[in-house]
Amino acid sequence: MTKISGNDLRAELSRRAFLSYSVAAGALGLFGPSLLAKGAHAAEANGAVMSGSHWGIFTAKVEEGRATAFTPWEKDPHPTPMLEGVLDSIYSPSRIKYPMVRREYLEKGIEADRSTRGNGDFVRVSWDQALDLIAKEIQRVETTYGPQAVFGGSYGWKSPGRLHNCTTLLRRMLNLAGGFVNGTGDYSTAAAQVIMPHVMGTLEVYEQQTAWPVVAENTELMVFWAADPIKTNQIGWVIPEHGGYTGLAALKAKGTKVIVIDPVRTATVDYFDAEHIQPKPQTDVALMLGMAHTLVSENLHDTEFLDNNTSGFDKFLPYLTGDADGTPKSAEWAAEICGVPAETIKDLARRLTGSRSMLAAGWSMQRMHHGEQAHWMLVTLASMIGQIGLPGGGFGLSYHYSNGGTPSTDGPALSGITDGGAAAGGPEWLAASGAASIPVARVVEMLENPGVEFDFNGTRSTYPDIKLAYWVGGNPFTHHQDRNRMLKAWEKLDTFIVHDFQWTATARHADIILPATTSYERNDIETIGDYSNLGILAMKQVVAPLYEAKNDYDIFEALSDKLGKKAAFNEGKDEMGWIQSFYEAAAKQGKAKGVEMPDFETFWADGIVEFPVTTGASYVRYAEFREDPLLNPLGTPTGLIEIYSKNIEKMGYDDCPAHPTWMEPLERLDGPGAKFPLHVAASHPFNRLHSQLNGTVLREGYAIVGHEPCLMNPEDAAARGIADGDVVRVYNDRGQILTGVKVTDAVMKGVIQIYEGGWYDPLDPAEKGTLDKYGDANVLTADIPTSKLGQGNCGQTVIAEVEKYTGPEVTVTAFTAPAAAE
Ligand code: PGD
Ligand code: PGD
Ligand code: 6MO
């Protein structure tokens, strides 16, 4: 039934990347003891325990049952300073200690006033009482309305670990309960992951890149386009090995020319002392078109590559030259839109063809209105340059994410707990109304429009009528756009259930909230390195569960029990039984590939197993396709790179034409009819993973007068009488937030930067549009789809105004538990 969700997709793709990536492990199954690093032993009152997280491998020092220090793995080439916050997340004041129920919900059930969600009036209940309430509510909704009334799409960056994978565990329980509505895709790359299969025949975004050693040796001009790998590679979907930093260091040591195209002077610009081009946000497609036009005007485009390896350039060309619509997409035309001088645009185009060049793009430029066009145009530009498939040439969409490009080992893939598959689904399920799955970022639109049809990538479905939403391992009250619209839509729900370990805004808006353990309070197993598959880590329990926290696995097992499905849920295994089964399946697969692994007991005692690298270090993406596109076709209808897509043409969407096209977004800096003068770059935070760790000691290092920072250009600040360290109100028609200003020329004029992930902290939770006291950028962003094709989120489509805050003093309360929860 359930289409694959964003989280599962990411895991599945990194798994597939290892499998499809052709490794001739064969004779090189040599795997000596030297590859086995020493780990630590299980949790104890005093000692050292090796474990891992989204931030890397570490050894925890435990004193009298309390973790007192996390020290990075000695082989980590670039440990993140965020580790201090990771440790603090166990003990931070925002920890959820007990099961809690919203007072009104406890008294009145689904008749409770929904507009008072978020007011902090909770009552502590026993575990049994909470689980009973939940089991009964699931049964009520499943029986009365069917699975199409239960939303289990629960998107988010749950912790690594193949067993305690809370989003999958939720779906496993809900499948046993009768089924649910899932979410398709993710917030990271929704537009790219839908358009790229039409263009390249594959998702690109979660796939291995030409390996860093090849790039370091061959690339002469590296362009980081809307990508800040020094920032974003700190974290991984699994446990990062931080190999991307080794690649970046090699590039730097070689003295390779680096250009960064970004409105903000980023850590990557500083690291390489890079040439920095600052386009106006949301205008990259115009910039790329201007470069493409230059290539054609100066006859620099690679007609041989375009003829042999692409399809539809002839249909795109009249648009580029203006023959089709009377507007040549010249460098001068582009300069008007993107603000980069025409000469710079032309010069960049010439330099890209004149040297071995790699366009390494990040993802923010597809997280905006018409975001599908950005990567499609990037691929078109790379095709015109003609270096795709050459060592160190072409384009890459994942050098900045989870350390893409780190050489893949020959190791086996590690499996994990599954959602148990199709308890419900198929035609009958669909006939009973509702979509099996919605594009994940359309959740608010779904709540607002039950029974209304929507488009997605050539299909048409109907929004289901949701009564119950269950969220684990995600924080929609920071990750979703247009908070005030969302708050209103949420009132549609009879019941909202959340597990988390900290009092996020999402937890505060729940009717029933259960305290989950952190990864450091349970045992698990995980892959090291999303793309490298460097090895497998025993994620050992560091400390005993705090307060009344329970593992999500145990919570869902108990709920399954109440639903009469315990045996189907646990399949007769306990925590270590599952972990061992995943390891042994990998060992079996490893053996078939010629990679010997120690037995489970040895592995668990050692804590880690690493795999050998053979051909992975010389991998060149698309080399075979370049060489012979007939023998090695892409998975597109033509087997070629599709610069024109007949499939997309057939869909006939007004917001996604059949070739890359510049289209005005809903709003942009200096755009037609722009109502506000500043663009808000709501990018990913340097010192957090979205909202994670905002509740920890790390905040003291970056908050300004207790608020989320807002970077502002000196000219913009002066024009508004704003000084460094001032508290300002940032507002537009969608909402208002307080932030603390840092005046800096790191942001271009007209752009302010407020990272996503700041915890939403409403001054008056009962009032829609109320002031957010801490600084959640998504109070300001637009909740519109990228297009009917991708239906992705537009977290980067936002303009606003800033003024010095002169209202009454406010107290930020987001980071402490509601009073009754202490
Ligand atoms: P996180 O803050 O990581 O954000 O959105 P996401 O919801 O993933 O939230 C994860 C939550 O899971 C945290 O509250 C954490 O405590 C909880 N958690 C972790 N481990 C466990 C566990 O084991 N059990 C339970 N029960 N809970 C757990 C991220 C999303 O935001 C993403 S991926 C992107 S790319 C988007 N980016 C932007 C953007 O660039 N700009 C804007 N404006 N908005 C965005 N939103 C999106
Ligand atoms: P962003 O920070 O949103 O990261 O990776 P992604 O590449 O999407 O954007 C990267 C750069 O794009 C920023 O420097 C920003 O200034 C720039 N930018 C913004 N708008 C524009 C534009 O219109 N044009 C151009 N040229 N540049 C623009 C996100 C990836 O990072 C994802 S999806 C996740 S879930 C992870 N999140 C985090 C995280 O929260 N924190 C850290 N430290 N690391 C992460 N890594 C992952
Ligand atoms: Mo993401």
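The legends below describe several close-up views of a predicted model.

**View 1. Three domains and the contact between domain 1 and domain 3.** The chain is divided into domain 1, made of residues 95-184, 413-521 and 546-599, domain 2, made of residues 209-402 and 628-651, and domain 3, which covers residues 664-817. The C-alpha centres of domain 1 and domain 3 lie 29 Å apart, and 28 residues of domain 1 are in contact with 30 residues of domain 3. On the side of domain 1 that touches domain 3, strand S15 (453-456), helix H19 (476-479) and helix H20 (483-490) each supply at least two residues, and H20 gives the most, with 5 residues.

**View 2. An open sheet of 6 strands.** The strands follow the order S5-S4-S19-S18-S17-S6, and their pairing is mixed. Strand S5 (122-124) and strand S6 (150-151) are the edge strands, each of them pairing on one side only. Within this sheet, strand S18 (residues 495-500) and strand S19 (residues 512-515) pair in the parallel sense over 4 bridges, and Asp 500 has Pro 515 in S19 as its bridge partner. Helix H5 (residues 166-177) lies across S6, strand S17 (468-472) and S18, and runs at about 145° to S17.

**View 3. The hairpin of S26 and S27, with S29.** Strand S26 (residues 727-732) and strand S27 (residues 735-743) pair in the antiparallel sense over 6 bridges, forming a hairpin with 2 residues between the two strands. Tyr 731 stands opposite Gln 736 in S27. S26 also pairs with strand S29 (residues 799-804), again in the antiparallel sense, over 4 bridges, and here the bridge partner of Val 730 is Val 802 in S29.

**View 4. Val 680 and Leu 378 in the largest nonpolar core.** This core has 244 residues, among which Leu 378 and Val 680 touch the most other members. Helix H16 (residues 372-385) contributes the largest share of the core, 9 residues. When residues up to four places away in sequence are not counted, Val 680 touches Ile 752, Ile 754, Ala 777, Leu 780, Val 798, Ile 799 and Ala 800. In soluble globular proteins, nonpolar side chains tend to be buried together.

**View 5. The annotated region 684-794.** An unreviewed UniProt entry lists residues 684-794 as "domain: Molybdopterin dinucleotide-binding". In the predicted model, the chain over residues 684-794 is 10% helix and 20% strand, and the end C-alpha atoms of this stretch are 14 Å apart.

Terms used. Residues numbered from 1 in each chain as written. Chains lettered and ligands numbered in written order. Predicted model: local features only at pLDDT ≥ 70, side-chain atom pairs only at ≥ 80, totals over all residues. Pairing = 2+ DSSP bridges. Contact = placed C-beta atoms within 7 Å. Axes fitted to C-alpha atoms, helices over the stretch in contact; angles between N-to-C directions. UniProt positions renumbered as here; feature names shortened; annotations may be inferred. Core = buried A, V, L, I, M, F, W, Y, C linked by C-beta atoms within 7 Å. Buried ≥ 20, exposed ≤ 12 C-beta atoms within 10 Å, placed from the backbone. Domains from an automatic or database assignment.
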